[in-house]
Amino acid sequence: MDVNIKETTIILPSTTPFTNDHVLSLSHLDTDINLHITFRYLRVYVNDPEDQARAQTDPFQVVTSSLSAALVHYYHYTGSLVRSDTDNRLELHCHAGSGVPVTRATVDCPLSEINYLDDPEEKFVEKLVPDPREEDSLTRPFILQVTRFKCGGWVLGAAIHHSLCDGLGATLFFNAMAELARGASRLKFEPVWNRSSLLGPREPPRVEFPFHEFLNLDKNSLPYMESDKPAVRECFKVKDEWLDRLKVFLHEQSGSNYTTFEALGAFIWRARVKAAKISGEETVKFAYATNIRRITKPQLPPGYWGNGCVPMYVQLLAKDLLDQPLYKTADSIKNSKYNTSDEYVRSFIDFQELHYHEGITAGNSVSGFTDWRHLGHATVDFGWGGPVIVFPLSRHLVGSIEPCFFLPYSSASEGKKDGFKVLVYLQQEAMVDFKEEMKKLEHGLS
């Protein structure tokens, strides 16, 4: 199936937001070397055949006009990321007259023919999202693609350098675009920058948490060391009934209650390590990012759209993870959340200040987890309703090259909203055994 690229247009702010070129500092969370990646994902929008007016509307025009209006407030997306001469950290260079590239594309088939891109074929879906070369990802840190299908439905693909924002920050911007597209005269939240002052290091910096136990310091080591063995992607459907049964099983073992993230995260982490046949004496890590926007003192303002998460880690010897009761692993994940505090955030920032030049990585055997079910994707409505599918293409997450995403279920057709999807990346040779482990979730644990 072909994706026909029609044109790429540079979209400028509708009115000039500034006239003097300037440089903006990023926060120490933004410049974390583990975020020196481009994050790529897509949103799928369906066309209502009963809505004749909408059927005649060009989504490319809607997206580009709302983008142009939003860039008056979020002109930072038109900037370029450049390494500072003083400390080699990334900073944002803003040049008057710059814009954002948006590609127009078409596909000559209806979305229904490919199941609305629910668990899409990899080679095809890669063509729906911009994929800048490494050097271009800094000069053009924000790129969009609008691909219209024969049915009138369309896909919005985005490539965003993670140093600009996290998932919540990006969603804040896309919601601003969508509000303007639906006729809003002003933004719900005006964007707030102030990154180096709101999330900068203390003077003098001090570290009150043992980050050195979880993070490696090696300036010659890259944060995402690709394995020689190929990784593959697989989607798993997780029904509510299976989750409920898992939580009851853990409660009966421990007497405690667990969230879906804690219970399912513990199950999948153990299943991954078992399937990968990792040496029992090797340290394995469960990594995730936690939102700090309401944790910092003072809280970050509602319009703050920079990186507002810090990484959290649980680590065990592989043999301990496999041998101990599953509830103990769920307990470890639950207890790790109690570390989240303003002091933890400030200590992590200070750790970045003190050790940035030594190279900070999460090391090997890291299983990265993230929950996309509550990031507000469904509210990004350009007039076609919210997206029926949100799907990530990037493999790099909190130091892991084999991430796991909890994704909202497709809403393309009614009656299929039982539970949600889990997207897992894993080495090809381990995926067969991992699938067998996942069957235990369906059939019950003993």
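**A close look at helix 2**

Modeller: Helix 2 (residues 59–70) has twelve residues and reaches 16 Å from its first C-alpha to its last, close to the 16 Å expected at 1.5 Å a residue (that is, 1.5 Å times one less than the number of residues). Helices here are DSSP runs of H or I, at least four residues, and strands are runs of E, at least two, numbered from the N terminus. Bear in mind that this is a predicted model: local features need pLDDT of at least 70, side-chain atom pairs count only at pLDDT 80 or more, and totals for chains, interfaces and linings use all residues. Residues are numbered from 1 along each chain as its sequence is written, and side-chain values use heavy atoms, with hydrogens and water left out.

At the start of helix 2, a side-chain oxygen of D58 comes to within 3.0 Å of the backbone nitrogen of F60. The helix is mostly covered, with nine of its twelve residues buried (under 20% relative accessible area, 1.4 Å probe, protein chains only). Those buried are P59, F60, V62, V63, T64, S66, L67, S68 and A70. They pack against strand 1 (4–11), strand 6 (100–107), strand 7 (142–149), strand 8 (154–161) and helix 5, contact meaning heavy atoms within 4.5 Å.

F382 touches V62, V63 and S66, and its other contacts include W154 and F174.

Terms used: Buried means under 20% relative accessible area, exposed over 50%, partly exposed in between (1.4 Å probe, protein chains only). A polar contact is a pair of N or O atoms within 3.5 Å; within protein, one must be able to donate a hydrogen and the other to accept it, and residues adjacent in sequence count only if both atoms are side-chain atoms. Lists of a residue's contacts leave out its neighbours within four places in sequence.
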